[in-house]
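Please read them with the coordinates open.

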Amino acid sequence: EKTYTGTFGDAEVCVGKVLAEAKARGSDEAEEIVLLSDGGGWLWNRLPEAFAGKKIKEILDWCHPSERLTEMARKVFGEGTKEAKEWADRQRDLLYEGDTAEVMEALEDLKPKTPEGKEQVQQNLGYFREHEARMNYGELRAQGYFIGSGVIESACKHIVGERFKRAGMRWSQEHAPKILALRVCRASGGWDGFWNE
């Protein structure tokens, strides 16, 4: 069962809306709260503390580290090279199975020849260290957790994109949030209740 929320506001407004939706969905009674998100610090720095006293499961969306591995391989081994493809495929497979430590070792063993490649490796080492505890994908999948945010990405496309990004669409700052609120209400199954009230 899915419900949605949305805003054009800043991080604080967004987090407030997520927390309100979670509360409406029963987060006060939940034994565990699952936070599945991309690597954005603005979410990881705010949401866990909002559920203080609850068991929190943090999961980094699988696509983000997977894409980073592919991009890094291109920068280190060269765009379109067999070596880049093989290295990235191997690391993604390991990551998917939850062998994060082995992926980290492979990152540390890289010897990029270009400044761009060196920078990519250093940035990604930091990223993987920061999120290591959120990337145990083998165990997470075995326990039945989602590891990707495809549902969220789909909602962005259908609820927001289909209405706001069509050819010829123009929205004022005053009216766009109102249309978004109606789209979210309808997608969440609250349309009849909204009009009845």
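1. Buried means under 20% relative accessible area, exposed means over 50%, and partly exposed lies in between, with a 1.4 Å probe and protein chains only. Contact means heavy atoms within 4.5 Å.

2. Ground rules. This is a predicted model, where local features need pLDDT of at least 70 and side-chain atom pairs count only at pLDDT 80 or more, while totals for chains, interfaces and linings use all residues. Residues are numbered from 1 along each chain as its sequence is written, and side-chain values use heavy atoms, with hydrogens and water left out.

3. Overall layout. The protein chain has 11 helices and two strands. From the N terminus the order is α-β-α-α-β-α-α-α-α-α-α-α-α. Its C-alpha atoms fill a box of roughly 65 × 45 × 25 Å along the principal axes. Of the 197 residues, 31% are buried. Among contacts between residues at least 6 apart in sequence, 59% join residues at least 24 apart.

4. Helix 6. T100, V103, M104, A106 and L107 are buried here. An α-helix has 3.6 residues a turn, so residues three or four places apart point the same way. The buried residues of helix 6 pack against helix 4, helix 5 and helix 7.

5. The nonpolar cores. A nonpolar core is a set of buried Ala, Val, Leu, Ile, Met, Phe, Trp, Tyr and Cys residues joined through side-chain atoms within 4.5 Å. The largest has 34 residues, and those with the most contacts inside it are L69, M72, W87, L95, L107, F128 and Y137. Helix 5 gives the largest share of this core, five residues. Apart from it lies another core of six residues, among them A155, I159, F164 and V184. Leaving out residues up to four places away in sequence, W87 touches L69, M72, A73, F77, A106, L107 and L110.

6. M135 sits between helix 7 and helix 8. It is buried, at 0% relative accessibility. Beyond its neighbours within four places in sequence, M135 contacts L60, P65, L95, G98, T100 and F128. The C-alpha atoms of M135 and W62 are 7.5 Å apart, though 73 residues separate them along the chain.

7. Aromatic pairs. Rings of Phe, Tyr and Trp (its six-membered ring) pair if their centres lie within 6.5 Å; planes under 30 degrees apart are stacked, over 60 edge-to-face, and the rest tilted. The count is nine. W62 and Y137 are edge-to-face, at 5.5 Å centre to centre and 85° between the planes. W62 lies in the loop between strand 2 and helix 4 and Y137 in helix 8 (residues 137–142), so the pair ties together parts 75 residues apart in sequence. Both W62 and Y137 are buried. F194 and W195 are also edge-to-face, at 5.1 Å and 75°. F194 is partly exposed at 40%, and W195 is exposed at 55%. F8, F164 and W171 form one aromatic cluster.

8. Cysteines. How many disulfides are there? The count is zero, with a disulfide taken as a pair of cysteine sulfur atoms within 2.5 Å. The sulfur of C156 is 9.7 Å from the closest cysteine sulfur, in C14, too far for a bond. C14 is partly exposed at 22%, and C156 is partly exposed at 42%.

How values were computed: Helices (H or I, at least four residues) and strands (E, at least two) are DSSP runs, numbered from the N terminus.
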